[in-house]
Amino acid sequence: MDTSALDAVCGPARGMELYRLGRERLLEFELESFPDAVALLIEARELCEDRAPAHAALADAYAHWGWRREIVGLSSSSYYELAYDNAARALELAPESGDAHRAMAAALAAGPRRHPARRLEEAQAALEINPYNGESCYELWRARGHDPADPLAERAIALEPGYCPVHIDLGAALTEAGR
């Protein structure tokens, strides 16, 4: 039995379901959830190799996982490299994708490919493409220096109230500012 027509439909559909589940695990932002998120997103990427969302989500996952490892004193360079590689592929596949630009901004935040100027450009591009994306507001706020007076942090919260990194980072920025 020839299943090519079925595979053509089910492969990407299954890939997008794995992408959704991987993003759910990623958005928990717990050190323990990152391996699950990455495993799901790798499987999604394999099923949808020619689609940018899984690559961008994997870049986000590796960038955040690297950061979480770094703050507890664990090695994180390879995670930042994987973030960069996946973000570069996402941009190659979809240069008009705000998610791909945001993923590249996250990948350029730390590690061996750290590049503050390009990070800022990528974060700005992400928000220009989709000004209603809370994660992109957050990434641009981070790239601009985490200023608690910058309205992008509040805008990120208004657009994505459950996005925990902005709450954590804004709390830290307010504490550092003595507020």
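## Helix H3

At 1.5 Å a residue, the 20 residues of helix H3 (residues 52-71) should span 28 Å, and the end C-alpha atoms of H3 sit 29 Å apart, which agrees. The expected span here is 1.5 Å times one less than the number of residues, and helices are DSSP runs of H or I with at least four residues, numbered from the N terminus.

This is a predicted model, so local features need pLDDT of at least 70 and side-chain atom pairs count only at pLDDT 80 or more, while totals for chains, interfaces and linings use all residues. Residues are numbered from 1 along each chain as its sequence is written, and side-chain values use heavy atoms, with hydrogens and water left out.

H3 is mostly covered, with 15 of its 20 residues buried (under 20% relative accessible area with a 1.4 Å probe, protein chains only; over 50% is exposed and in between is partly exposed). Following H3 comes Gly-73, which has a positive phi near 85 degrees.

## Helix H2 and Phe-34

Helix H2 (residues 34-47) has 14 residues and reaches 20 Å from its first C-alpha to its last, close to the 20 Å expected at 1.5 Å a residue. Its buried residues include Phe-34, Ala-37, Val-38, Leu-41 and Ala-44. They cover an arc of only 125 degrees around the axis, which puts them on the same side of H2; the arc is taken over the directions from the helix axis to the C-beta atoms.

How buried is Phe-34, going by relative accessibility? Phe-34, which lies in H2, comes in at 0% and so counts as buried. Leaving aside residues up to four places away in sequence, Phe-34 touches Leu-26, Phe-29, Ala-61, His-64, Trp-65 and Arg-68, where contact means heavy atoms within 4.5 Å.

## Arg-23 in H1

Arg-23 lies in helix H1. Despite being an arginine, Arg-23 counts as buried because its relative accessibility is 13%. With residues up to four places away in sequence not counted, Arg-23 touches Leu-41, Ala-57, Asp-60, Arg-102 and Glu-135.

## The cavity

The structure holds one cavity of 30 Å³ or more, and the largest cavity has a volume of about 30 Å³. On a 1 Å grid over the protein atoms alone, a cavity is a set of points where a 1.4 Å probe fits but cannot get out, whereas a pocket is an open set with protein on both sides within 12 Å along at least five of seven lines; lining residues have an atom within 4 Å of a point. Grid points are joined across faces, edges and corners, and a volume is the space filled by probe spheres set on the points.

Lining the largest cavity are Gly-15, Met-16, Tyr-19, Ala-44, Cys-48, Arg-51, Pro-53 and Ala-54. H1 (4-26) and H3 are the elements that give two or more residues to that lining, and H1 gives the most, with three. By class, the lining has six nonpolar, one polar and one charged residues (Ala, Val, Leu, Ile, Met, Phe, Trp, Tyr, Cys and Pro count as nonpolar, Asp, Glu, Lys and Arg as charged, and the others, Gly among them, as polar).

The largest pocket has a volume of about 410 Å³. Its lining holds 21 residues, of which Trp-67, Tyr-138, Arg-142, His-146 and Asp-169 lie nearest its centre. H3, helix H7 (134-143) and helix H9 (164-176) are the elements that give two or more residues to this lining, and H9 gives the most, with seven. By class, the pocket lining has 13 nonpolar, two polar and six charged residues.
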